[in-house]
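This briefing covers the fold, confidence, core and side-chain pairings of the model shown below. Please read it with the sequence and coordinates at hand.

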Amino acid sequence: MEKPGIDVFYVNYTAVCTHCGGVIQFGDPSYFNNREGVYVWAFDQTLLHARPPEPPIIRIVDEVKLQAQKKCLHLALRLLVQEKNVVNTVLSLAKEEQYCKVIALLESKTCKLVEEINAEKCLASALHQLMTHCIVDSNQLLSIVINESYPGIEPFLKQYMK
């Protein structure tokens, strides 16, 4: 339970914690200081029960997974080329692993190298484009990505190839 503040909804001096659902009644201790001519805001947004920090996620991509990502990326890009949503040169750029240029073509903006662009990020962008342009069934694709990962994406994309 926390005092009114971040991630806590409060209406008419009642706070409901969005984490545990606990409720607390409170009054507004804020006041106007006549001597100094300022309004004193008294709500301090301190956590009463802080959540422990989440451990960092370390993702290891082995050679098998990397090849699966690249294969799915190639299929997704072929579909986008087939439907004339992106130029044909995107396929050769992906093959040469120039992922920053692939992203720039897919998203129609310049790619700033803030972080490393890899096959997985390109695949995510390509799948997003397929869903945005209604080339594939968005709900089915999301279900496959969430539940099955790469083995399910490949046959799903192949069914849309002409």
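Two residues are in contact when heavy atoms of each lie within 4.5 Å. By this criterion, and not counting residues up to four places away in sequence, Leu-157 touches Cys-72, Leu-75, Ala-76, Leu-79, Leu-127 and Leu-130. The model is predicted: local features need pLDDT of at least 70 and side-chain atom pairs count only at pLDDT 80 or more, while totals for chains, interfaces and linings use all residues. Residues are numbered from 1 along each chain as its sequence is written, and side-chain values use heavy atoms, with hydrogens and water left out.

**Architecture and confidence**

- The chain contains six helices and five strands, where helices (H or I, at least four residues) and strands (E, at least two) are DSSP runs numbered from the N terminus.
- Read from the N terminus, the order of elements is β-β-β-β-β-α-α-α-α-α-α.
- The mean pLDDT (the predictor's confidence in each residue, from 0 to 100) is 77 for the chain, and 72% of the residues reach 70 or more.
- Among the elements, strand S1 (residues 8–11) has the lowest mean pLDDT, 48, whereas H2 has the highest, 88.
- Where pLDDT is low, the predicted coordinates should not be read in detail.

**Burial, surface and contacts**

- Of the 162 residues of the chain, 30% count as buried; buried means under 20% relative accessible area, exposed over 50%, and partly exposed in between (1.4 Å probe, protein chains only).
- The chain exposes about 11300 Å², of which carbon and sulfur atoms supply 56%; the areas come from the Shrake-Rupley method with a 1.4 Å probe, and for residues only the protein chains shown count as cover.
- Among contacts between residues at least 6 apart in sequence, 39% join residues at least 24 apart.

**Nonpolar core**

- A nonpolar core is a set of buried Ala, Val, Leu, Ile, Met, Phe, Trp, Tyr and Cys residues joined through side-chain atoms within 4.5 Å.
- The largest such core has 32 residues, and Leu-77, Leu-130 and Leu-157 touch the most other members.
- At least two residues of this core come from each of H1, H2, helix H3 (99–107), helix H4 (119–132), helix H5 (138–147) and H6.
- H1 gives the most to this core, with eight residues.

**Salt bridges**

- A search of the whole structure finds four salt bridges, each defined as a side-chain nitrogen of Lys or Arg within 4 Å of a carboxyl oxygen of Asp or Glu.
- One of them joins the side chains of Lys-71 and Glu-154 at 3.3 Å, N to O.
- Lys-71 lies in helix H1 (residues 63–82) and Glu-154 in helix H6, so this pair ties together parts that are 83 residues apart in sequence.
- Lys-71 is partly exposed at 47% relative accessibility, whereas Glu-154 is buried at 19%.
- Glu-154, which is placed in helix H6 (residues 150–158), is in contact with Lys-71, Cys-72 and Leu-75, leaving aside its neighbours within four places in sequence.
- Glu-154 also forms a salt bridge with Lys-158, the closest N and O atoms being 3.1 Å apart.
- Both Glu-154 and Lys-158 belong to helix H6, four residues apart, about one turn of the helix; Lys-158 is partly exposed, with a relative accessible area of 44%.
- Another salt bridge pairs Glu-83 with Lys-162, with the closest N and O atoms 3.8 Å apart.
- That pair links distant parts of the chain, with Glu-83 in the loop between H1 and helix H2 (89–95) and Lys-162 in the segment after H6, 79 residues apart.
- Glu-83 counts as partly exposed at 32% relative accessibility, and Lys-162 counts as exposed at 81%.

**Aromatic pair**

- The whole structure contains one aromatic pair; rings of Phe, Tyr and Trp (its six-membered ring) pair if their centres lie within 6.5 Å, with planes under 30 degrees apart counted as stacked, over 60 as edge-to-face and the rest as tilted.
- Phe-156 and Tyr-160 form this pair, which is edge-to-face, at 5.2 Å centre to centre and 65° between the planes.
- Phe-156 is buried at 3% relative accessibility, while Tyr-160 is partly exposed at 24%.
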